[in-house]
Amino acid sequence: MIDPSSGRDHADLVILGSGSTAFAAALAAQELGKTALMIEQRTVGGTCVNRGCLPSKNLIEAAKLVFDARHPRYQGLYPEGAGLKVNFRELMAQKDELVLDYREKKYDSLLGGQFAVREGNARFIDPKTVEIDGQPVRGERFLVATGSRPHIPDIDGLETVPYLTSDLLARDEGQELTDLPASLLIVGGGYIALELGQMFARFGTEVTLVERSRQLLAHGYEPELGRTMGQIFAEEGIVVLPNAAVQRVRADAQGIAAEVTIGSGRRTLHAERILVATGRRPNTDGIGLEAAGVAVNARNEIAVDAELRTKVPHIFAAGDVIGGEQSSQMATPVGARQGGIAAHNALAGGHPRSFDGRVIPRVIFTDPPVAVVGMTETEAVAAGHHCWCRPLPMSVVPRANAIRDTRGIIKMVADADTSEVLGVAMIGANASEVIHEAAMAMRFRAKLADFVDLLHVYPTMAEVLKIAAISRTKDPAKLSCCAE
């Protein structure tokens, strides 16, 4: 048993961090009969439960209820008055209750066995020792699972104004936003900007997104997705400024004034608050990796092999801190999977396990959601595939028409020679659930015919996968119900 108050100075596995990656590793170590010690400088549970996945998805769903009440899709349903009334402080309070409850059940309650958490700042002082606020702790094996944090771009004057990041939903850390801003300027056009931008707009905030590229979701996604989300945002009154960059910010009477270049022009935008949502960066600085001999790549991600081992044999790394190494992605379930693999390889001996990043489904929790898995068309062609790739509108799906929500698109990427499905990208109702069928099929290298041959319940949104596959040989618009 580990007593966290004992000042323990040794463990079989010393873990820097206490998020989903770290807890998965600690639980795996416990199952192997080993001790583990996690070291956390912020809040136990890491980003996901405290300031990321859980609180944001809670509030995004609340915003959807508000929007649906004010904008019913069916003729014969009419909103009365202003629809749902929003009390933002009460919403944030219920979010805090959820976070506390979930953190207790899924994190705090698990402590006290073969693993524990110690608070403090940890850094390596040599390959076998970390120092926690001046106290040395030795370990047989180490796992770096320090996660990531918001990337802050170099914008003149940003350090002089109270800007927000995705940590605005954090509880007990002095960063939580408690009052709904009247207006919000968002720097960025990626998944964080889209989720939080739509959420705030639906609560009643006037939202403007400033995106450097020519459209939303410009990097790593099918181009059709960004264009489609741009149309959806425009319909909801969310302003998107493409080919734009914030050059300078300052405080003014309204809150924030931002000088923005838009193409060859320049204008000043005003908002009550500014949110910086330009991606995330791995937490590799300040933890003494140099003293341990651990290498990072050009993006400051810890370099690992397929077994998640750094170039120092007894030191492993997993989760957001390895970024895109070994085809990894910054996502909670990815980190949890890797934490278990790293602990097994560090402590079990015998046959090592490898991380396989070929099939990783991802979702952006907008409304409708964006869901993707596998390769984009560009990636497939770059990998040498003769690509069959065709986008289809959601209007071809009977279920989408039945529920009066035909917003969105699906694009299936397949090898034209073998018919193996290499990737699926989708915007549409329930896309966050549908994408798992595509992922499971791709895991077993399914072909287009496999999607067609699988009997799908009618009418469901999952039928979109069958319809997309059929479209290689037939026009879906000319097929009757459930026809193949």
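Helix α3 passes helix α4 in a right-handed crossing; a crossing is right-handed if the near helix is turned clockwise from the far one by less than a right angle, and left-handed if anticlockwise. The contact brings in Leu54, Pro55, Asn58, Leu59 and Ala62 from α3, and Leu91, Met92, Gln94, Lys95, Leu98, Val99 and Tyr102 from α4, contact meaning heavy atoms within 4.5 Å. Sorted by type, the residues of this contact come out as nine nonpolar, two polar and one charged. For that sorting, Ala, Val, Leu, Ile, Met, Phe, Trp, Tyr, Cys and Pro count as nonpolar, Asp, Glu, Lys and Arg as charged, and the others, Gly among them, as polar.

A word on the model itself: it is predicted, so local features need pLDDT of at least 70 and side-chain atom pairs count only at pLDDT 80 or more, while totals for chains, interfaces and linings use all residues. Residues are numbered from 1 along each chain as its sequence is written, and side-chain values use heavy atoms, with hydrogens and water left out.

Back to the helices. Two packed helices are described by the angle between their axes and the distance between the axes. For α3 (residues 53-70) and α4 (residues 88-106), the axes come within 10 Å and cross at roughly 140 degrees. Axes here are lines fitted to C-alpha atoms, for helices over the stretch in contact, with angles running from 0 to 180 degrees between N-to-C directions. The two helices are therefore oblique to each other, given that angles under 35 degrees count as roughly parallel, over 145 as roughly antiparallel, 65 to 115 as roughly perpendicular and the rest as oblique. Helices (H or I, at least four residues) and strands (E, at least two) are DSSP runs, numbered from the N terminus.

Another helix pair is α1 with α8 (residues 332-347), whose axes come within 7 Å and cross at roughly 35 degrees. This crossing is right-handed as well. On the α1 side, Ser20, Thr21, Ala24, Ala25, Ala28 and Ala29 take part, and they meet Thr332, Gly335, Ala336, Gly339, Gly340, Ala343 and Leu347 of α8. The make-up of the α1 and α8 contact is seven nonpolar, six polar and no charged residues.

Turning to the aromatics, the structure holds five aromatic pairs. Rings of Phe, Tyr and Trp (its six-membered ring) pair if their centres lie within 6.5 Å; planes under 30 degrees apart count as stacked, over 60 as edge-to-face and the rest as tilted. One of the pairs, Phe23 with Phe115, is edge-to-face, at 6.0 Å centre to centre and with 90 degrees between the planes. It links distant parts of the chain, with Phe23 in helix α1 (residues 20-31) and Phe115 in strand β3 (residues 115-119), 92 residues apart. Phe23 is buried at 3% relative accessibility, and Phe115 is buried at 0%; buried means under 20% relative accessible area, exposed over 50%, and partly exposed in between (1.4 Å probe, protein chains only). The rings of Phe88 and Phe200 also pair, with centres 6.2 Å apart and planes at 40 degrees, so this pair is tilted. Since Phe88 sits in α4 and Phe200 in helix α5 (residues 191-203), the pair ties together parts 112 residues apart in sequence. Phe88 is buried, at 6%, and so is Phe200, at 0%.

As for the backbone, most residues other than glycine have a negative phi, and most peptide bonds are trans. The bond from Asp367 to Pro368, however, is cis, with omega near 0 degrees; Pro368 lies in the loop between β17 (362-364) and β18 (370-374). Tyr458 and Pro459 are likewise joined by a cis peptide bond, with omega about -10 degrees, and Pro459 is found in the loop between α12 (448-453) and α13 (463-470). Asp133, not a glycine, has a positive phi of about 45 degrees. It lies in the loop between β5 (129-132) and β6 (135-144) and is exposed, at 54% relative accessibility. Arg404 is a further non-glycine residue with a positive phi, here about 60 degrees. Its place is the loop between α10 (398-402) and β20 (409-415), and at 56% relative accessibility Arg404 counts as exposed.
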